[in-house]
Amino acid sequence: MPCIIINSETCKGCYLCIEVCPKKSIAIGKDLNSKGYHPALPMENGECSGCESCMIVCPELSIEVYDEE
């Protein structure tokens, strides 16, 4: 099953990843990072398809998608 990893410290909260995720597996975080942004976070009950759209669109390269086995 694919797994989304988001580096909350480098995320600037553009939320492009949320827009492109076909499974809506990413949400806006409630806490601020050290730069004052609300970083995107993978949803706990998300159903990531592993399409890597979020990773491709991220301008900060803050997202990695892994296939957990």
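**Cysteines and fold of a predicted chain**

Analyst: Cys14 has its sulfur 6.0 Å from the closest cysteine sulfur, in Cys58, which is too far for a bond. A disulfide here is a pair of cysteine sulfur atoms within 2.5 Å.

User: What's the basis here?

Analyst: This is a predicted model: local features need pLDDT of at least 70, side-chain atom pairs count only at pLDDT 80 or more, and totals for chains, interfaces and linings use all residues. Residues are numbered from 1 along each chain as its sequence is written, and side-chain values use heavy atoms, leaving out hydrogens and water.

User: Is Cys11 buried or exposed?

Analyst: Buried, at 10% relative accessibility. Cys14 is partly exposed, at 44%. Buried means under 20% relative accessible area, exposed over 50%, partly exposed in between (1.4 Å probe, protein chains only).

User: New topic. Which order do the elements run in?

Analyst: β-α-β-β-α-β, from the N terminus on. Helices (H or I, at least four residues) and strands (E, at least two) are DSSP runs, numbered from the N terminus. The radius of gyration is 11 Å, close to the 11 Å that the globule rule gives for 69 residues, so the chain is as compact as a globular protein of that length. That radius is taken over C-alpha atoms; the rule is 2.2 Å times the number of residues to the power 0.38.

User: And what does the C-alpha trace span?

Analyst: About 35 × 20 × 20 Å along its principal axes.
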